[in-house]
Protein chains: 2
Amino acid sequence: MSLDELINPRSVAIIGATDREGSVGFEITRNLVTKFKGNIYLVNPSKGEIMGLKVYRSIEEVPHGVDLSIIVTPAHTVPEIISQCVNKGVKAAIIISGGFSEVGEEGARLEREVLRRAQGRLRILGPNCIGVYNAYNGLDTFFINPQRMERPKPGPIALISQSGAVAAAILDWAARRGIGIGLAVNYGNKIDINEAELLEYFARDPRVRVIVMYMEGLKYPGEGRKLMETMKRITKVKPIVVYKAGITKSSGRAVKSHTAALAGSYEMYRAMFRQAGAIEANNLTDAFDMAKALATQPLPRGNRVLVITDSGGAGVQAVDNLEAVGLSVPELPQETQELLSKVLPPFAAKSNPIDLTGSATDEMYRHVINTVLPTDMVDMALIIAQMQLPGMTPGLAEYIIEARRYGKPMVVYGVSINDDARTFKAKLEEGGVPTYDRLETAAKALSALFQYSRISKSNAQS
Amino acid sequence: MSLDELINPRSVAIIGATDREGSVGFEITRNLVTKFKGNIYLVNPSKGEIMGLKVYRSIEEVPHGVDLSIIVTPAHTVPEIISQCVNKGVKAAIIISGGFSEVGEEGARLEREVLRRAQGRLRILGPNCIGVYNAYNGLDTFFINPQRMERPKPGPIALISQSGAVAAAILDWAARRGIGIGLAVNYGNKIDINEAELLEYFARDPRVRVIVMYMEGLKYPGEGRKLMETMKRITKVKPIVVYKAGITKSSGRAVKSHTAALAGSYEMYRAMFRQAGAIEANNLTDAFDMAKALATQPLPRGNRVLVITDSGGAGVQAVDNLEAVGLSVPELPQETQELLSKVLPPFAAKSNPIDLTGSATDEMYRHVINTVLPTDMVDMALIIAQMQLPGMTPGLAEYIIEARRYGKPMVVYGVSINDDARTFKAKLEEGGVPTYDRLETAAKALSALFQYSRISKSNAQS
């Protein structure tokens, strides 16, 4: 049974739909009525009409087929609703409601009852989750007002998050940075659908090029082995970037109270990620910044980086950051330096980093990129361009985008956010070149590409 | 001879003033004519009037006293101009012009000639520098168009930077984040005034509460010892946060071509900073984020952090980040947890991190802060408040600002940038509570406070 009806349903019922502003049922109803590209049926025993749509008293009254039920009613009502959904032939349910095993034994009993009633004929996400965000079809159960949480545009990154609030915060962050996230899922107490199954589904979805995972810990015996085997299979075809929180004793205590999971030994997780070929991030924003590069850039053949800069100091810092993540900045041979001398000013440094100094112009960047990037002396480029200098314009973006023809990864760093810098960065992102405002992150993005190049190489050999 | 005439001149001459747009002389002339709170005299042999001001043919023609000359003429003209400045009784000069020791032996000879002509009667900053930014009196020799580089508002942080471009980029970054930087200096080839002397001056300036340094390497024999002794003296009264770039072999090569300095062994620098009581940062934005806390927060007595959160996941991540920098998140005793239970919902976690969950309200935060922060169980607080939830408003800022009365450091983290989040953060910053959009940085800021508390304690005992 695939997760198609969960992620890409043609029709949805909202059980517990309401027009009471600020409530979970209201936010989800509004999201779907506004954006969902499919049929919507509202269910609530007490209401006649909401937002112009008829309200049915139960799911069984809905006169058409329903792929997915979204349930927001109190925990004690959920088992009966699940039975009704099964009778109706609904294929999947997202149980948003809390009040299950996370609150104690009575809730755990309800969870077992829900599973029993589903009879394996209805797949369940949750309970106690924020559910699914699908930027393509407008399925959006994230029950946070769009004024408080912006939604990302469709894009090749998918997120699987153990925490609903963490998923909501990072989607908002990504939206405001223009990072495209096509699909995001939070699975809550995962009584049925778990991260391994979501990974499998995203691995087969051609719209997904990179999967980001936020994990705090596992809950059930045997989950770890299953997850590792799944990851290992998937990283052969798609990169997975994972951020594991809860790595110390005190944060493990916090994990337990947050998701009732066991944080476990961090060393065990690290070993698992390494064996599975997953790329580890130290925080979630880094994970998305790495994913941005993995989704758009070709893989490098080696670890040698060409650094071009308009600021000698930023060049120095770039080298520190690149070497800290295992990349190298090789000195260019004398003959290449002489080729560069023909166009660059005499005081420009030509050994790598190439420091164009305050006299930097778009044309100088173009000359350096076209002279050095195609050679076998470097495998990728970090381009530092701050748009503070008089000789530089957003037009530089075109030269950089043209250089994609060399088939080598490029990332661009600039801390400035003046008008020209904004235009420059927007052009680059649109043209498929990721930009960063921290050298540390730019270096980590290139390192993720290098790591994944080695993972795919060893996969190809095995 | 103090550096008063360099940093706080009452009158300034611009030698090489011009109305040729885009040139260095033009940008500096416009900056000063627009903003400088003192007398300005323009000097250029060829011009009659610029921006409504009379142009004198030489500094000696200026009919009034001049504290500071800003020199932007070609290198070979500078020695003669220095002689004229000495004759005129000018006290200090900023030589912006390049073409000195950084280009070779002829330039080095010019530098020696400049020093000889100064006769010790005129203090020199530079040559080959971007000079001084003083947000208080409008002295601003940063020759970058204000549309390309925003200037920070006055504030208690001072910057001493070995790189001009790095200083310009970070001032722009700080300005756009609302970080106040009252004074910034780049010293270029430092033939006279060096970082140690600038440190001494800022240590005595009551407007400066924290000094940030960007260093790539030292140039002259004996400089290291002198700098360390100066730092050691200053850290008794004011915190110094230092970021040293050029820590690997390849970046050392880049340092040499950038500032003609020797990057030296990183271990040696680290030892020096530790002995001198300076706080080390891993990059320049971290340095300013740490400085923001050092400039506004009291010092903690110990390393125990209270974490309050509206997202369990963010709480878990906070603990990871705090423990990574040597801080602790102690479990609260049972009786305190019971006190909290009286107001918090039953499913809120009360052991620390205090997880208010999606039901979080301003009042819950207030209750937790006022119940726990004044006790001797914690030394400081990290407050996570994302403004995504319906129960939270920017009014929470007032409760946090009120809690400053407990005399314990507080920092606030939120990744969201919706309208409420912006208002919330602006209120906090104005009320003297620093805010961060990365947990890593928030943790480092608290760690900087703890580090400086130990430095001042050991200073007090010695």
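A: Let's start with the sheet itself. In chain A, 7 strands make an open sheet with mixed pairing, running in the order 3-4-2-1-5-6-7. Strands (E, at least two residues) and helices (H or I, at least four) are DSSP runs here, numbered from the N terminus, and two strands count as paired if DSSP finds at least two bridges between them. Strand 3 (49-50) and strand 7 of chain A sit at the edges with a single partner strand each, so one side of each has no neighbour in the sheet.

Before going on, a word on what you're looking at: this is a predicted model, where local features need pLDDT of at least 70 and side-chain atom pairs count only at pLDDT 80 or more, while totals for chains, interfaces and linings use all residues. Residues are numbered from 1 along each chain as its sequence is written, and chains are lettered from A and ligands numbered from 1 in the order in which they are written. Chain A averages a pLDDT (the predictor's confidence in each residue, from 0 to 100) of 94, with 99% of the residues at 70 or above.

Zoom in on one pair: strand 5 (68-71) and strand 6 (92-95) of chain A run parallel over 4 bridges. Leu68(A) faces Ala92(A) of strand 6 there.

Now for the domains. Chain A splits into domain 1 (1-129), domain 2 (149-296) and domain 3 (298-461), with bounds from an automatic or database domain assignment. Between domain 1 and domain 2 of chain A, the C-alpha centres are 25 Å apart. Across that boundary, 15 residues of domain 1 of chain A are in contact with 12 of domain 2 of chain A; contact means C-beta atoms, placed from the backbone, within 7 Å.

Chain A can be laid on chain B with an RMSD of 0.0 Å by a turn of 180° and a shift of 0.0 Å along the axis, superposing by least squares on C-alpha atoms of residues with pLDDT of at least 70 in both copies. The two copies are thus related as by a two-fold rotation axis. Of chain A's residues, Arg438(A) comes closest to that axis, at 6.1 Å (C-alpha).

How values were computed
Two residues are in contact if their C-beta atoms, placed from the backbone, lie within 7 Å.
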